[in-house]
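Colleague: I would like to learn how to read a protein model. Could you walk me through it, one feature at a time?

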Protein chains: 2
Amino acid sequence: MVYRPPVAVLERRAELRECLVAQATAIVAREGWAGLTVTAAAAAAGISAGALYKHFPSKASLAREVFNRAAGKEVDVLAGALADSSSPDVVSRLGHGVATFAWRAVRGRQLAYSLLVEPVEPGIADARLALRRRYRDVFAAVIAEGMARGEMLDSQVPEISAGALTGAVAEVLVGPLSAPVSGPAAELVIGQAIAIALRCAGVTESAPIHDHRRRP
Amino acid sequence: MVYRPPVAVLERRAELRECLVAQATAIVAREGWAGLTVTAAAAAAGISAGALYKHFPSKASLAREVFNRAAGKEVDVLAGALADSSSPDVVSRLGHGVATFAWRAVRGRQLAYSLLVEPVEPGIADARLALRRRYRDVFAAVIAEGMARGEMLDSQVPEISAGALTGAVAEVLVGPLSAPVSGPAAELVIGQAIAIALRCAGVTESAPIHDHRRRP
DNA sequence: TGAAGGCGCGAATCGTGGTTCACTTGTTGT
DNA sequence: ACAACAAGTGAACCACGATTCGCGCCTTCA
């Protein structure tokens, strides 16, 4: 009990930790998990590889924190868009949510790929699982609501359709075949993605299809 | 010119090479690419790691051959199912193709995952890309035909819908959230997958939906 | 002022998995 | 019988990235 670091030091320490997470996230968003080495993350934050272990017990721990923060933010944004009550009908809300998801995936393509698709080290596999489950559940809830209101096909299983929807949109936007898109091409692809998502969800009438697209 | 191996030796050599490919494929089908080490593949074929290099210049070369053979077979089977002219209407053919794809994915789950989703070493990335492109093109051709015949929504872009269809089905069947299924559960999931695929493809009328399911 | 820690450094260590290499064994052609 | 050569062995080598460790430096508390 002879040493109790003062607030300033604690703050600096916390700041450095934040910096590590931020830089690591930036690396993943730029190069994917493959680019996230202890050396690279530490260097980006201006410290040596060894010093990183004063802040995280292992690389896996750092990676988990990076993943969970980014993933949490993504799901929150999506959930927010899906809950947006400005348009009461479920179909519009779903379209709005998919549009949000799609635009974010296109703009942060590598990050979206890293979160959703890229293989990760064993230590994060469960986090990946949790993320996908959250995505699925969030979409599934909307689909279930749509079914209850008769706006969507009722012979479907919401969880399965929700999974398919996620897979379809992800494949179109960040799948290995989809080149990075921007500008008018992005609007076309995203428009198609939204239409496909609505079909996946079994939207019954030939949808009104407003402009779900949300520009950045 | 003093040594010309006799036919028997050449045969044995070719046989061993085949054995290596077969064993390596079995390993991938069982444990995924992560399990495919030079040592393991060589041991499975009954030789040492060093000897493997008398048959393949590198591990990447072996892996490529494993990938290309398995992938080629899968696409061929799918293309065959889609071309099956026993049912003339495009929608039935598509359903039949998806059912084939789905059953194969469920029965050879790890292999399907390894071919479609699991990250691979750089040396096979292009082969993966080619496989997905072939899947997409094969489905896109059917969708284009359906559009031409007025059986499918004509505001779609066949290549995009085909990609989405592949992503959706893959996600439902071998995605990280889908537990291995078998028996009645498999029939339910596959039935849903087929229905979703048809919706993705923009099948217009509320499809007749025969029994597309093909039991093993 | 000095003992006690925390922090950071950077070199050493470790583990893993692909690749190489000198050597043995067995077979072919003269 | 012998030179030439392929297949196979198994140990050594190598690259890479995570992790550890001993050492200064600096700050806090008595």
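Modeller: Let's start with domains, whose bounds come from an automatic or database domain assignment. For chain A, that assignment gives domain 1 (1-56) and domain 2 (63-216). A quick note on the ground rules: this is a predicted model, where local features need pLDDT of at least 70, side-chain atom pairs count only at pLDDT 80 or more, and totals for chains, interfaces and linings use all residues. Residues are numbered from 1 along each chain as its sequence is written, chains are lettered from A and ligands numbered from 1 in the order in which they are written, and side-chain values use heavy atoms, with hydrogens and water left out.

Colleague: How far apart are the C-alpha centres of domain 1 and domain 2 of chain A?

Modeller: Those centres are 32 Å apart. Contact means heavy atoms within 4.5 Å, and here 14 residues from domain 1 of chain A meet 13 residues from domain 2 of chain A.

Colleague: How do I read the area buried between domain 1 and domain 2 of chain A?

Modeller: The size of an interface is often given as the accessible area lost when the parts come together. Buried area is that loss (1.4 Å probe), summed over both parts. Between domain 1 and domain 2 of chain A it is about 1,000 Å², with carbon and sulfur atoms giving 65%. On the domain 1 side, A:Val21, A:Ala29 and A:Trp33 lose the most area, together 54% of what that side buries.

Colleague: How many salt bridges are there between these two domains of chain A?

Modeller: A salt bridge is a side-chain nitrogen of Lys or Arg within 4 Å of a carboxyl oxygen of Asp or Glu. The count between domain 1 and domain 2 of chain A is two. A:Arg17 also forms a salt bridge with A:Glu65, with the closest N and O atoms 2.5 Å apart.

Colleague: And what about chain A and chain B: how many residues does each bring to the contact?

Modeller: Chain A brings 25 residues and chain B brings 26. About 2,400 Å² is buried between the two chains, 70% of it from carbon and sulfur atoms. In chain A, the residues that lose the most area to chain B are A:Ile160, A:Leu177 and A:Arg199, together 28% of what that side buries.

Colleague: Which side chain meets A:Glu171 in a salt bridge?

Modeller: B:Arg132 does, at 2.4 Å from N to O. The count between chain A and chain B is two salt bridges.
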